[in-house]
Each structure stands twice: as C-alpha cells, then as structure tokens.
Amino acid sequence: MLPSMQWAHVFKTRGQTIELKQIPVGKPGPDEVLVQIEYSGVCHTDLHACKGDFPATPKENLVGGHEGVGLVAAFGTQVHDLRIGDLVGIQPLCPKLQLSGYMVDGTFQQYCICKADNAVRIPPGISLEAAAPVLCAGITVYKALKESNVQPDQIIAIVGAGGGLGSLACQYAKACGHKVLALSSGSAKRGMCLYDLGADYFVDYKGSNVAEEVKRVTGGGPHAAMIVSSVEEPFHQATQYIRPGGTIVAVGLPPGKLSTNIFSMVTQKINIKGSYVGNRYETEEALAILIRAGFSVQYNVVDFAELQNIYDKMENGGMKGRAVLKVGKAPTKGSSELSGYCRDVHLNLKQENGTPGNVVSRSLEQAIERAAGDFRSDTVTVPTEPVMQAIINASTFGDDIYDEGGDPAVNAFQERIRELTGKEAALFVLSGTQGNQICLRTHLHQPPHTILLDYRAHVQVWETGAIPLLSQATVTGVEPKNGIHLTLDDVKDRIVEEGNFHFPPTRVVSLENTLGGAILPLKHAREISNYVRNVRVPRGRSPIVMHLDGARLLEAVTAEGITAKEYLDCFDSASICLSKGCGAPMGSVIVGSREFIDRAMWFRKMFGGATRQTGMMAAAALAALDHSLPLLPRVHALTRRVADYLHRIGYEFLLPVDTNMIVIDLKKTGVRGEALVSYCKRHGLLAFPSGRLAFHHQISEDGASRLQRALLELILDEKRV
Ligand SMILES: *Cc1c(COP(=O)(O)O)cnc(C)c1O
C-alpha cells in the first residue's frame with residue numbers, strides 16, 4: 001500500500017538550487033529498510049553538503065538531509081529485527097563519508113532508504129520531533145564527551161556552551177556526572193549556562209586573560225575541553241588552560257589552522273583530537289540518557305516546503321535554534337497528485353466550491369477533540385474534512401437498488417475494495433455483524449451443519465446469537481493452545497467430517513484477524529486454509545469454506561507488512577469494517593467471488609441491509625480509506641510506545657500488542673476496571689472497564705501521554721491499598 005511517488009527536496013547543481021518535486025519511492029535492498037520520514041532536522045552540515053563544500057563529490061540530483069525519524073514502512077528479506085511501524089531514526093553514518101544526504105539520498109523526502117544496521121531505535125519517552133535533532137547534534141556531543149575521557153566528578157570545559165550544540169553538551173556532561181565549565185559570552189549566556197543548563201562554572205571567552213581565569217576558577221584547569229565553537233581562537237586558548245594530561249576534543253569546524261607549542265604539548269601530555277558523530281549503539285545510548293535526564297532540546301518545527309527559506313536564514317545568520325522539518329504528510333504547497341497524502345484540504349475546498357470550506361462544524365470539531373482521548377474503541381473516530389467533503393460531493397441522491405447499474409459512488413467504492421482485496425466482487429453492508437452473518441448464511445444451505453471458530457470469535461460471542469437463528473448452524477468453539485490465535489493444530493482436531501450422522505459436519509471455518517488486536521499471521525492462515533480446503537467431502541459436495549471476520553484486516557496486514565490480497569487468498573469470503581480503523585462514518589464491506597456476492601445480495605435484502613441512498617456513505621468510506629490507511633503505521637507505533645511504557649511501570653497484557661490495541665490483564669496487574677475508567681476520566685479520557693484500550697488515527701500524542709499519566713497514577717494507587 002506504499003505510494004509509488006513521493007515529495008523530495010532535490011539539490012540540483014552544487015549549491016545552486018533546491019527543487020521540491022516528486023520522485024519515485026525507492027525499494028529497500030535485502031539488508032535495508034524504507035523509512036516513512038516524519039521529521040527531519042536541518043543542520044549546517046546539510047548546508048555545506050548542499051553547497052558542495054565537502055571534499056568528496058556529492059551524488060547527482062541528491063536528496064539532502066541526514067537526521068530524520070519516522071516509521072519503518074518496508075524492509076528487505078535479510079532484516080529480521082524490525083517491524084512495520086517501528087519508530088527509527090536515520091543518522092549520518094560515515095565510514096568513508098558515506099553520509100546520508102551527501103553520498104546517498106537523505107531524509108528530505110517522504111520515504112528514505114537506509115541500512116537496517118544503521119536504523120536507530122527511538123525509545124518511548126521522547127517525541128519524534130525532539131528525537132530528530134538528537135540524531136545528529138546529540139550524538140555529536142555525546143560521542144565527543146566519550147572521546148574526552150573525562151571521568152565522573154572531573155571538570156570538562158564546554159566551549160561555545162551557549163549555542164545549540166553547546167547547550168546539549170552541557171546537559172549531557174551534567175547527566176553523565178561531570179563538572180562543567182561553560183565558556184560563552186555575555187551576561188545572558190552566563191545566566192543560561194549557570195541556571196538553565198546547570199553548569200558549575202562560567203568564564204566569558206571574550207574577556208581578557210581567559211586562560212588565567214579558567215585555571216583560577218577550576219583550580220588548575222579542566223581535565224578536558226570540548227570545543228563546539230565555530231571560531232578559531234578558543235582552540236588556541238584551550239591549549240593554554242587544559243590541565244596536564246588533559247584532552248581537547250574538537251567538534252566545531254572553523255576555518256583555519258591549529259598551531260600549538262610543541263614543547264608544552266609534549267611535556268604537559270596534552271591530547272588533541274577530533275570527534276565526529278557516532279555509531280547506532282552510541283546514538284541509542286545518547287537518546288536513553290536524554291530521556292532519563294529529561295533535559296531540553298531546542299528546536300523549531302517548520303513546514304516541509306520551507307527548506308530553502310531555512311537555508312537562506314542560516315546563511316545570513318537569521319536562524320534562531322535548530323530547524324526541524326515536518327515531513328510526514330509532506331508539502332502543504334504543491335499539487336494534489338498524491339491524493340490523500342499531501343492535499344491541502346482547506347485550499348481544495350475553497351477552490352472546488354468557490355466558498356470557504358465550512359464542512360467542519362463546531363460540533364464536529366468538538367467531536368474530533370473528544371476522539372483524541374477516546375480509547376473505548378476505534379469505532380469512535382469521526383469524519384475528517386475530506387470525508388465530509390466526499391459526502392457533499394456524492395449527494396446526488398441516487399438509488400443503489402432501483403438505478404440501473406447501481407449508484408456510481410457505491411460502485412467506485414466497491415471497485416476500490418475489489419482492487420485492495422483481489423476478490424471478484426464486493427458489497428457494501430450496514431455493519432460488521434450484518435456482513436459476517438450474511439456471509440455465513442450465504443455459505444450455508446441445509447442443516448445439519450457446523451461452523452468451526454475460535455471460542456472468543458465475534459461472530460459467535462458478540463453477534464446476539466445470530467448464527468443458530470439465521471443460519472441454523474451449530475458451532476465448534478476452539479480454544480487456541482498458544483493462547484493467542486488458532487493454528488492448524490487446533491483446527492485439525494476439531495473438524496467434523498461428513499459421514500457420521502451423529503455429528504453435524506463442519507461446513508465453514510471462520511477465523512478472525514485481528515482478535516483483540518493480535519494478529520493471526522499469514523503463515524498460520526495459509527496452513528489452516530490449505531488443510532481445510534482439502535478435507536475430503538462426499539461426492540457432489542463443495543469443499544469446506546474459509547470465512548474471515550476481517551473487521552480489522554487492514555490493521556493486521558499493515559502491521560504484518562503483507563497485502564490484503566495475499567491474506568485473502570486463504571479465504572472464500574471476508575467481512576471488513578469501515579467504521580473502525582478505516583475511519584468511515586459507518587458501514588462494512590463483504591468480499592468474495594462474483595457468484596457468492598450475487599447470492600449474498602438476497603440475504604442483504606432479507607436482513608434489511610439493502611439501503612438505497614448508500615452513495616454518500618460509500619463515498620465517505622472511500623475518502624476515509626485514502627485518509628486513514630497511510631496513518632495506520634503511525635497508530636500502531638503510538639500504541640506500541642504506550643504499551644512499552646505501561647509494561648515498564650508494571651502492567652501485564654493478555655495479548656501481544658501487534659496493532660492498535662492494548663488488552664490489559666487487570667487481574668495479573670492488580671487493578672480494577674472501574675478504577676481504570678475513573679482515573680482516565682479524571683484526565684479527560686474515555687475508556688471501558690474491560691481493560692482493552694483501542695487506538696485510532698484521531699488519538700493525539702497528548703491523549704496518549706495523558707493516558708500514560710492516568711495509568712501510572714492508577715497503578716501506584718491501586719498497589720498502595
Ligand atoms: C466490530 C467487529 C465486528 C462488527 O461489529 P459491528 O458493530 O456489527 O459493526 C465484527 N467482528 C469483529 C472482530 C469486530 O471487532
């Protein structure tokens with residue numbers, strides 16, 4: 001489901017122009033990952049790269065950028081330790097200056113390829129936009145700190161402490177237990193270094209007799225000095241004040257030469273060295289320290305299209321703090337060719353109607369705000385602007401039943417589902433329950449007959465006992481031995497073959513993916529399907545049928561990194577919910593062979609689901625799919641981040657967190673469902689007492705962090721009593 005084209009900033013000729021344009025999305029090699037970039041930091045190195053200031057020749061038509069964070073969107077066959085949706089960072093790794101954003105395409109694009117070994121795991125506890133600058137600036141100063149060999153309680157001088165790199169360096173040094181001498185200039189920087197950054201000493205490096213002053217306040221000079229300044233003079237000063245045996249680490253890149261007095265360098269045993277970025281493990285360490293110590297990173301988030309402006313500002317010194325490009329859904333300028341990705345909804349509405357877009361009423365706005373903290377279910381999503389606009393556009397009041405060939409909007413929607421699922425035909429239905437029951441009824445002709453299913457299956461447990469009423473079928477409820485999902489082993493034993501008139505034969509095996517957010521992997525679906533479809537049946541009978549309750553199939557295949565087609569090859573029919581993670585206002589869709597769907601239409605009518613003015617809802621569902629499907633990896637990543645946090649503070653789960661659900665084992669954790677609800681409520685959040693937390697594309701980062709806070713308070717209080 002990856003797009004074939006994407007937006008990227010392409011550096012034309014050395015340093016002359018940057019062009020924002022569409023280029024193809026790459027395919028990762030066997031040991032590579034494709035990362036959907038959310039944020040990309042912009043630093044001076046990029047500017048140098050853009051201008052061609054490095055000794056090596058940059059790649060032609062280079063996509064710049066070398067510090068980016070995002071989600072794993074795809075990976076090669078040799079990559080085994082990453083999952084779709086994992087949060088990773090791409091950093092400048094350099095053996096032989098193989099810099100991303102210089103020798104290979106970098107992070108100023110929506111989808112960037114990097115070696116899996118270089119993908120840095122972003123741990124929970126830091127926002128993505130804050131992580132982006134750490135990948136370059138943070139690791140640069142952290143690595144330099146390691147190179148300085150300074151020991152806990154020893155003093156390190158940070159030269160240029162008031163700048164972006166310097167302020168990070170001060171905080172890292174403090175977090176690692178060193179004493180910090182900050183060198184910067186002016187009383188504002190003095191206050192900032194001593195009070196905000198926690199430096200122990202301050203010396204103004206523009207003062208007179210800097211070396212004497214440094215030696216005096218540090219009682220003999222610092223044990224190490226890290227120089228991030230981009231002017232030359234502080235390098236010379238450092239050789240004069242460093243303590244004998246000390247180390248000077250150069251990080252800043254001023255033009256010029258370093259000359260020292262060889263006699264004193266030898267006799268004082270002074271080490272002078274350069275330091276440049278670090279490896280993946282050091283970056284992961286740097287992130288972990290930053291999160292643990294909770295120090296601040298200064299950055300400004302700017303629109304993806306603003307890169308040229310940022311460079312202009314950097315060159316003329318007008319840039320305050322570090323810029324972080326918001327890549328994500330890509331440029332708000334530009335065209336709408338990548339539909340659903342980078343369309344500026346407001347602009348479109350104005351253009352198409354000639355009136356300002358006001359399809360989002362105040363009450364819908366409020367509903368969206370509420371959805372941001374509503375963890376009861378993924379059915380609580382509310383229509384986005386494009387969805388509302390689609391409803392307006394489709395309001396032609398066709399009649400899907402009377403009109404010859406059906407309603408065009410319904411047909412367009414069903415066509416899209418056919419493409420997505422690889423099935424011959426699709427049919428819009430009112431609800432998931434209706435979809436499942438129509439499918440089962442269509443498959444089953446004359447009792448006696450049995451449906452084999454997971455004992456927790458929605459079709460059996462949550463659908464008001466419809467199976468015996470509508471299809472006159474009994475069920476065989478099977479408990480998966482692995483506690484998570486059915487396997488061939490579970491199914492094999494429980495199939496009732498035809499021939500013994502005591503037992504109603506199995507005619508349908510009904511699986512569910514996801515169940516409680518846990519995936520039933522393709523491998524197992526295939527094994528079950530291959531077996532079931534080949535069970536011997538009497539002459540003249542059709543094989544046992546495979547049905548999928550795929551209410552959240554699209555969540556499952558997105559997380560597993562497979563296509564819906566591949567998965568549905570194992571099934572004769574499926575019901576897919578539109579009103580859940582897909583974000584449609586209502587409805588479900590069933591798929592199967594043409595013949596199957598033709599027959600299903602009888603039962604849809606019989607079960608009261610043959611609605612006529614379905615066009616609006618079908619159009620809304622189509623727009624919702626475009627909008628929501630690309631967001632699923634992000635939803636899963638957020639879910640996993642919260643799950644990681646909850647696990648660390650003592651929560652136990654009933655099921656693996658594969659997609660958008662966290663199912664808390666309330667008993668094992670030792671918290672009560674009612675308390676969970678009331679703690680959430682106190683933080684303005686909605687949850688059910690079952691312990692199941694459902695995430696969806698409208699859950700906000702803020703909603704997620706409030707949930708973490710609520711559940712931390714809950715577990716602390718419940719454990720106390
Ligand atoms: C939601 C859901 C359905 C269908 O539910 P409706 O509320 O009838 O739309 C079916 N199966 C599963 C697994 C579900 O989660």
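Val-251 is buried, its relative accessible area being 10%, which puts it below the 20% limit for that class. In this predicted model, Val-251 belongs to the loop between strand S13 (247-250) and helix H7 (262-267). With neighbours within four places in sequence set aside, Val-251 is in contact with Thr-140, Ala-144, Leu-165, Met-226, Ile-227, Val-228 and Ser-275. The C-alpha atom of Val-251 is separated by 38 Å from that of Thr-639, and the two residues are 388 apart along the chain.

Two residues with positive phi lie in another loop. Asn-149 is found between helix H2 (128-147) and strand S9 (155-159), and the loop between H2 and S9 also holds Asp-153. Neither the one nor the other is a glycine: phi of Asn-149 is near 60 degrees, and phi of Asp-153 is about 75 degrees. The accessibility classes of these residues follow from their values. Asn-149 has 49% relative accessibility and therefore counts as partly exposed, because exposed means over 50%. Asp-153, with a relative accessible area of 55%, is exposed.

The next part of the structure to follow is an open sheet. It has 7 strands in the order S17-S23-S22-S21-S20-S18-S19, and the pairing is mixed. S17 and strand S19 (474-478) are the edge strands, each pairing on one side only. From one strand to the next, the twist averages 20 degrees. Within the sheet, strand S21 (residues 545-549) and strand S22 (residues 573-577) run parallel and are joined by 3 bridges. Asp-549 has Ser-575 of S22 as its bridge partner. Helix H13 packs on the sheet, where it touches S17, S22 and strand S23 (588-592). The direction of H13 makes about 125 degrees with that of S17.

The bond from Pro-447 to Pro-448 is cis, with omega near 5 degrees, and Pro-448 is placed in the loop between helix H14 (432-443) and strand S18 (450-454). The bond from Asn-513 to Thr-514 is also cis, with omega near -5 degrees. Thr-514 is located in the loop between strand S20 (506-512) and helix H18 (522-533).

How many aromatic pairs does the model contain? The count comes to 6 aromatic pairs. One of them is formed by Phe-413 and Phe-428, whose ring centres are 5.8 Å apart and whose planes make 75 degrees, an edge-to-face arrangement. Phe-413 lies in helix H13 (residues 408-421) and Phe-428 in strand S17 (residues 425-429), so this pair ties together parts that are 15 residues apart in sequence. Phe-413 and Phe-428 are buried. In the pair of Tyr-567 and Phe-571, the ring centres are 5.7 Å apart and the planes are at 25 degrees, so the pair is stacked; the cut-off for stacking is under 30 degrees. Tyr-567 and Phe-571 are buried too.

Residues up to four places away in sequence left out, Phe-413 touches Phe-428, Leu-578, Val-589, Ala-618, Ala-621, Leu-622 and Leu-625. In soluble globular proteins, nonpolar side chains tend to be buried together.

Rings also take part in arrangements with charged side chains. The charged end of Arg-612 sits over the ring of Tyr-402, at 4.4 Å from the ring centre. Likewise, the ring of Tyr-679 has the charged end of Arg-682 over it, 4.3 Å from its centre.

Notes
Residues numbered from 1 in each chain as written. Predicted model: local features only at pLDDT ≥ 70, side-chain atom pairs only at ≥ 80, totals over all residues. Heavy atoms only, no water. Phe/Tyr/Trp six-rings, centres within 6.5 Å; stacked < 30°, edge-to-face > 60°. Helix = DSSP H or I, 4+ residues; strand = E, 2+ residues; numbered from the N terminus. Buried < 20%, exposed > 50% of the residue type's maximum accessible area, 1.4 Å probe, protein only. Lys NZ or Arg CZ within 6 Å of the ring centre and 35° of its normal. Pairing = 2+ DSSP bridges. Axes fitted to C-alpha atoms, helices over the stretch in contact; angles between N-to-C directions. Contact = heavy atoms within 4.5 Å.
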